Structures are given as structure tokens and as C-alpha cells.
Amino acid sequence: MEKPDLSTSPGAIWRLTWPQLLMMYVMAVMTLTPVWTAGRFGADVQAALGMANQCNLFLAVICLAIASGATAAVSQSLGALRIMRARYYITTTLGLNCALGIIMGIAGWFFAGDILVLLQIHDDIRPVAEEIWRIFMLGLPFQYLYNASGVIFRATRRVIPPLIVASLVTVFHALVCFGTSFGLFGLPEWGYLGIAWATVAAQVFGSTLNLAILYKGGYLRRAHIPPLVWLKKGLPYLFKVAIPAGFASLVWQSGYLVLFILVATVPVQCVEALAGLTAGLRVEGFIFMPAMAFNMSASVLVGNCLGAGNEQEARRVACTLLRTAVLVMSLMALVIWPFRTEISQFFSDDPVTQGYIVSYLVYNLLCTPFSIASTVLGGVMVGAGATQYNLMVFGGSFWTLRLPLGYLLGHVLWGTADGIFLAMLISQVLQTLCMLAVFFKGGWTKHTMRAHMQHKKETAAS
């Protein structure tokens, strides 16, 4: 591993961000492909795919937690010019994700039916959702490795290789998805199951390419496997960041599962509403993927600055990314606003489902400045190792406001999923205001590895 680039100039920020912007859109195309394909098989398949995807994201919380810990640990280590420490964290991250992916995949396979029953999935779509879910579980270890390797690239500022890999994976996924779903390109026709198998094939393909690039670049060597003595010192900080991040992801994803249940059980048009939510979330992901690029850049740059002990520069970089992201994404929302109906027609042939897609987009686009700001600030907290703030603010707003208000509006007062969509907007506004208060008033810069090590030394001395 060569000497890291630690510049925080506007040019360095742009070099780090633009490949991730493109990569996010490439990955968004990959997420839209199965939703569009499922729409050709009907609202029931689209709704089942959405529920299976959400359950899959729920299982990925451990991967996301370790990713947060790795981002903070690797970026801060490089900022402090502790290269070997960064190498140890890289191999540890990949090893943990591989092992946990296998364990979670096996558990998810065997308890698939029980999980879907527990989630009160509608009887009309439960068999389809279970079939898709079981196939997803076969690819979970590769999904963990693909995500973890992407985190390593980002934390070391090597953002071009994952962009190339993501582009290849997206093309590969689309060919396999269309081919196995409709019997094209000489591939067997598996119907809606082809959507799930294409996802697994893409995860295997992507993780293999990423690991090969990491090995060729000198990031994966036997000498980089940390000794037990180092693990006793290095793992505590990784877990210190990862555990709150994991709980934040768990709270967030479990909240979305409950949100799906609320939509799936509204008094009227529950299947169409769930299909509309599934498509709406994918459209949202496509539109707001740049926000995740700014989130990732913020975590790496803030981590580098704090690793070097430069708190003032960390705050300056965070403010720059925050202003830029809100401005760019708000303008994008204004451009998209007139085309809500056309977007809904692209994702579904059912008029009722189209109406729910439009409804979701109305509330979502109105919320753009707030949702983008909280996304970027979440990345700032990850880079600083202050993930407990994400847990408190994101989890608190979801469970104390979004879900109760969603039930009140969607089930009691309005009786439709539109009330739930409105509750999402209101909770997002409050969440962003709380994150801004933490950023300007909280002690988030005091949770770095430097502070952690200093605390351990003081504790040992006393």
C-alpha cells in the first residue's frame, strides 16, 4: 500500500466524489432492473420482491455495521499514517464479513418461512416471497464480501476500480435477469425466479472481481493477517464504532420492515400500495444515489482529518459537502417533479399501483433538502467514529414518530398508504433538525481512535 492521499482540497474532494456519484447511479440501475422485471409479472410479484429485499436488507445490518467501523478505523489510520494498522483492519473486515455472511445465510435459509409468517406477509404473496428469499440467502456471503470490499476501496480512496467493477456487474446482472426471466439470449426461462438468481450471480461476480483487484494491489497478503496480540488492541475500536452503527442499522431496517407491514395491512388496496412502495423506494434510490456518494466522501475525508488530529479541517470539509449535496440534490428534485406520472408508468402497468408510486414521490421529493442533509451528516458521524448519534437520532425519529404517526394517519384517520407516506416526510424533517443540532453543538469529534487510545492509556495508568 503506497502513501495515502490525504488532501482535502476542492480538487481532492471532487476526485473522491465523482466516481462514487457515477457508481451510485450504476448500482441504482442494478436495483431498478429487478423491480421493472417484476412489474411485468404483476403487482403480487413486485410486492413479494419488495418484501424479500427488505428482509434481506434487515440481515445485512451486521455487514453495514462492520463497514462503518472499518471506514472509521481505516480512514483514521491512514490519516495518522499508520499504514500497517490500516492493513490489519482491511483483512479483519473482510474475514469478519465472510464468516458472518455464511452464518446469516444459513440461518436465513432455514427460518425463511417463520420469518415471513412473523412479518404477517399477505397470503397471496407469501409463497413467492419465500422462494425469492431462499435464493437470496444463497448469495448472502458474496453480498457481504462485495459490500465489504467496496468499503475498503472507498476508505483507501481507490474509487475508480469499484466504479469499473460496478459497471460490469450491472451489465452482467441485467443480461442474466432479463435472460432467465423471459428466456432471452439462449438462457433458460425461469420466470420471476430468474430475478433472484440474477441477483445472486451478480454478487458472486462482483465479489470475485473486487477481491482479485485487492489482491493484485497488495492489500491482501498473508503478512496482513493480524496477530492475536494486535486483535486484542485493534478490535475494541472497530466494535466501538460498529456496535452502535449495527444497532442503528437494525433499528432502521426493522423500522422499514414494520413500515412495510403497515402498508401491507392498510384497510384498502394493500397489495397495490405495497407494490407502489416497492417501486417508489427504488425510484427514490435512483434519484438520491448522489447523496450516498456525498455520505461516503464525508466519512472518509472526516476520518482522515480527525486521524491526523485536525478537527477544524474536519468541520470545514463536512460543511462544504453538506452545502453542495443539498443544493445539487434539491435542483435535481425540481427537475424530476414534473415527470412523476411518467416514472410511475414505467415501473407498473397497474393504474392503482401507479397512483401510489406518484403519491410516494410527491412526499419524497418535497423532503429532498432534509433527507439529503441527514444522509451527509450520518456519513460525518461514521468518519468520526460517533455512530451512537446516528443510532439515537435516526432510530429515535423512526420509532417514536414515523411509525406511530404512520399508523395513525394510514390506518386510523386516512385509511390509505398516503398517510404513511406523509408520516415519512414529517419524521425526516425532525430527524434532520436533530442531526444539525448534533453537528453544531455535539461533541462528535471526541470519538476518534486517538481519543479511544488515550482513554485506554489513562485507564491503565490509573
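Reply: Happy to! Helices (H or I, at least four residues) and strands (E, at least two) are DSSP runs, numbered from the N terminus. This is a predicted model, where local features need pLDDT of at least 70, side-chain atom pairs count only at pLDDT 80 or more, and totals for chains, interfaces and linings use all residues. Residues are numbered from 1 along each chain as its sequence is written, and side-chain values use heavy atoms, leaving out hydrogens and water.

Let's look at Thr180, which sits in helix 8 (residues 160–182). Among the elements of the protein chain, helix 8 has the highest mean pLDDT, 91; pLDDT is the predictor's confidence in each residue, from 0 to 100. Is Thr180 buried or exposed? Thr180 counts as buried because its relative accessibility is 4%, and buried means under 20% relative accessible area, with exposed over 50% and partly exposed in between (1.4 Å probe, protein chains only).

What does its side chain reach? A polar atom of the Thr180 side chain lies 2.6 Å from the backbone oxygen of Val176. The side chain of Thr180 also reaches the backbone oxygen of Gly194, at 3.2 Å.

Leaving aside residues up to four places away in sequence, Thr180 touches Leu187, Pro188, Glu189, Trp190, Gly191 and Gly194; contact means heavy atoms within 4.5 Å. Trp190 also belongs to a nonpolar patch on the surface. The largest share of that patch, four residues, comes from helix 4 (residues 83–110).

Terms used. Patches are made of residues with over 30% relative accessible area and no salt bridge: like charges are joined within 9 Å, nonpolar side chains (Val, Leu, Ile, Met, Phe, Trp, Tyr) within 5 Å. Accessible areas come from the Shrake-Rupley method with a 1.4 Å probe; for residues, only the protein chains shown count as cover. A salt bridge is a side-chain nitrogen of Lys or Arg within 4 Å of a carboxyl oxygen of Asp or Glu. A polar contact is a pair of N or O atoms within 3.5 Å; within protein, one must be able to donate a hydrogen and the other to accept it, and residues adjacent in sequence count only if both atoms are side-chain atoms.
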